[in-house]
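These are my notebook entries on a structure that I looked through piece by piece.

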Amino acid sequence: MANADLLVVAGLRLALRDGKEIVKDVTFSVRPGEIVGIVGESGSGKTLAARAILSLQPPAIRRTAGTIQFDGQELTRLNARALRQLRGARIGMVFQEPMTSLDPSMTIGRQLEEGLVLHTKLSGPQRRTRILEMLARVALADPEAALGAFPHHFSGGMRQRIMLASAMLLRPALLIADEPTTALDAVVQRDVLELMVDLTREYGTAILIISHDLSMVARYTDRVLVMRHGEIVEDNTTAELIRAPREPYTRNLLSAMPHRGPTRPKPSGPPLVEVNNLIVDYKGSAGLFLNRPGKRALQGVGLRVGPGEVVALVGGSGSGKTTLGRAIAGLLDPTKGEILFEGQTIARGTEGWRRYRPQCQMVFQDPFLSLDPRMTVHSLVREALRAARNLTSVAKNVRVRETLREVGLAEDLATRYPHELSGGQRQRVAIARAIARRPAFLIADEPVSALDVTVRAQILDLFADLQARHGFSCLFISHDLGAVEQIADRVVVMRDGEVVEEGDRDQVFDSPCHPYTRQLLMAVPRLEAFVT
Amino acid sequence: MSALKPNVVIGGVLVGVVALAALVGMIWTPFNPLAVSFTARLAPPSELHWLGADEFGRDVLSRLMVAAATSARISLLTVVGALFAGTTVGLVAGYFQGWTDRILMALNNALLAFPGILLALGLLAIMGANEYGIILALGVAYSPSVARVVRGAVLSLRETDFVAASRIMDNSEIYTIVRHILPNCIAPLIVLATSMFGWALLAESALSFLGLGVPPPAATWGNMLAASRPFIAQAVWLGLFPGLCISLTLMGINLLGDALRDRLDPRMRGV
């Protein structure tokens, strides 16, 4: 049935100029109307393989072998002009970050019209009707107004809808979606994906969706290709892949999906950290003609973290969870309200602050940004002990080595710089730095969001292990409900600067009270749902 | 970078030759650069005087070599001074922000509003023309641009997570600035410093040409150029060689500076 396939990629090889192969012998096909996912970790070659279909790979990478047939036409033999006619019109693309794929200086109307002018013979009014129809179809509130608006007027989710509208305007036979929702938060991600699936079904468009998120891909696709090191390790129907994966690597990926951790006894004693009625305002910027108004990021938030307890702070982007974390870490001063550590205020300059500072440490989202690029691993971790007066210089070095061993870093890595480490190793260094001084309280702001799936699982395990060993309390800030479910004792849900729900993990996950919590939980794709 | 680009080679050779001449000039010159000789007055280039002799019969090559050392010293000290003053102001303004920033930047912008050479002229008029006057005047003229560059870098660096991490680790502000912020500003500063070296060289020549530089009989390329003016018709080499020295050295420094920028800017790498 090869003739019925819309796209057939056979024996595709891509290599750098120096001959290093990045994509090795990739073969797959997509039938009309089919939704196929390519899943892999960073560096697996999934994006390059998909981009090569339209010869859109970076110029430093060449195709060395393979054929690409689309609708019976051999794409590798087409010249640039013929390829341009195909791009957009027959094969549409949606990229990860809509802010950079939409031209910031062009109105939405003109951008959408561009494709129609190039590829169709429609008249001006006809084009306009078609664009308005499509914008209404992607659920933009006011299509007429949107025509004259610029990309920065829209939120990330809205921009991705507009990108989708622009790709689907020409009713392509194939849509290539490269991490289409990775930059969006869970609730928005779900809306956009459902819309994408509905819309393509309407037009009979096939989708090739590229993502690192296996559970998201599993939810929407018919078939999944798993890629690793430039090769396809498994090509299977989605249901089959989830139920009975053939390859060890796929099993590995599946088991790396977070699962609920054990329920632990509630902490006894007074709370270690207590936040009462906290208000944080961001000052507006003084513009040339107009002063932009400030924004209230937190409107009276209360929070309690017991000794040895892991409290997760969840919410969509803009919910104020990071602001709350930074305020508790003492990185920004609250407008009003109090933060107590062991019952004492931690206002700057007080006795409580001096006691609190060494006891509270933080792990940031992206270890590449939180580690000084000009320091070695050893000096990075050692720096955390700099202010510890009760340790001698020798004791400090011993502690650094001990801590590095604890987070699973080999001794010979100590002399390396952050850029010489992998993402997972970097986050281990960041964790080592945070726990080196044996803090009583750790704030982790999205510590696993920038990591690959299998690495994320390892870091979460490490985290749970260290927490059990040292017994520190933890505020775990994340939009990743899977990670939260695995690691948290208690969950606090935030939205628009307010706490909307708070409770034990099992209670929040199994019987959420607030509609927003339910919405969040529904938006998170779960593999269990497919298995049963 | 596997093979050296031709620009780097040309720039390196030009700067290298000047540096070598300056170094040699400190211990040995073909003639005493100040020795007057009536027989050699306005002598054209010959086997004895390779680059000719000036209106007092002083050997041009010897004077150029000594001048190279003087010019390099003035430029170097100017750049170091401007870097030091500008970096301090930029770090303080960028890190502490608020009123400190506003006041420092207001003063800085006021200085920036003057063309550098005009500011230097004004300061020299007050302090009198000598080597240290020039260094001070040019240093003051150039430090505002350093301050701006550093402040910009600091503004973005202080929002980074690794600076936040340093604060959480209970490090003092001074330590955070010196250990984390300053080293990460170095790249743009090195690039600025190379081009400033070129400006300083040119400005010193211009000031000397105007008679506000190092007073005669000491030699600089600028005052040699100035002194050659009345004799341009009879002895073209008097103006030609100092002029060539100035322009070729500037070209060499600019080529090296470009190469350095390409090397330090990750976006330019591997293109």
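**Entry 1: a term to begin with, and the model**

I start with the polar contact, which is a pair of N or O atoms within 3.5 Å; within protein, one atom must be able to donate a hydrogen and the other to accept it, and residues adjacent in sequence count only if both atoms are side-chain atoms. I keep in mind that this is a predicted model, in which local features need pLDDT of at least 70 and side-chain atom pairs count only at pLDDT 80 or more, while totals for chains, interfaces and linings use all residues. I also note that residues are numbered from 1 along each chain as its sequence is written, that chains are lettered from A and ligands numbered from 1 in the order in which they are written, and that side-chain values use heavy atoms, with hydrogens and water left out.

**Entry 2: D161(B)**

I looked up D161(B) and found that its side chain makes a polar contact with the side chain of R326(A), at 2.8 Å. The pair also forms a salt bridge, with the closest N and O atoms 2.8 Å apart; the term stands for a side-chain nitrogen of Lys or Arg within 4 Å of a carboxyl oxygen of Asp or Glu. D161(B) sits in helix α6 of chain B, where helices (H or I, at least four residues) and strands (E, at least two) are DSSP runs, numbered from the N terminus.

Is D161(B) buried or exposed? I noted it as buried, because its relative accessibility is 14%, and the cut-offs are under 20% relative accessible area for buried, over 50% for exposed and in between for partly exposed (1.4 Å probe, protein chains only). Leaving aside neighbours within four places in sequence, D161(B) is in contact with R326(A), F364(A), L369(A) and S370(A), contact meaning heavy atoms within 4.5 Å.

**Entry 3: where chain B meets chain A**

How many residues does each chain give to the contact? I read 16 residues from chain B and 24 residues from chain A. Together the two chains bury about 1800 Å², with 52% of it on carbon and sulfur atoms; buried area is the accessible area (1.4 Å probe) that two parts lose on being put together, summed over both. Of the area that chain B buries against chain A, D161(B), I168(B) and M169(B) supply 39%, more than any other three residues.

Across this interface the rule finds 1 salt bridge and 13 residue pairs in polar contact, both residues being at pLDDT 80 or more. On the side of chain B that touches chain A, the elements giving two or more residues are α6 (161–168) and α7 (173–209) of chain B, and α6(B) gives the largest share, 7 residues.

In helix α21 (residues 515–523) of chain A, the buried residues are Y516(A), T517(A), L520(A), L521(A) and A523(A). Seen down the axis of α21(A), they fall within an arc of 165°, so they line one face of the helix; the arc is that of the directions from the helix axis to the C-beta atoms. The face turned away from the buried side of α21(A) carries the exposed residues P515(A) and M522(A).

T221(A) lies in the loop between α9 (214–220) and β9 (223–228) of chain A, and it is buried, with a relative accessible area of 8%. The side chain of T221(A) reaches the backbone oxygen of V217(A) at 2.7 Å. Beyond neighbours within four places in sequence, the contacts of T221(A) are I35(A), V36(A), G37(A), I209(A) and T238(A).

L48(A) belongs to helix α1 (residues 46–52) of chain A and is buried at a relative accessible area of 16%. Not counting residues up to four places away in sequence, L48(A) touches L14(A), I22(A), V23(A), Q57(A), P58(A) and I61(A).

**Entry 4: positive phi**

I looked up E179(A), which has a positive phi of about 45° although it is not a glycine. E179(A) is in the loop between β7 (174–178) and α8 (186–203) of chain A.
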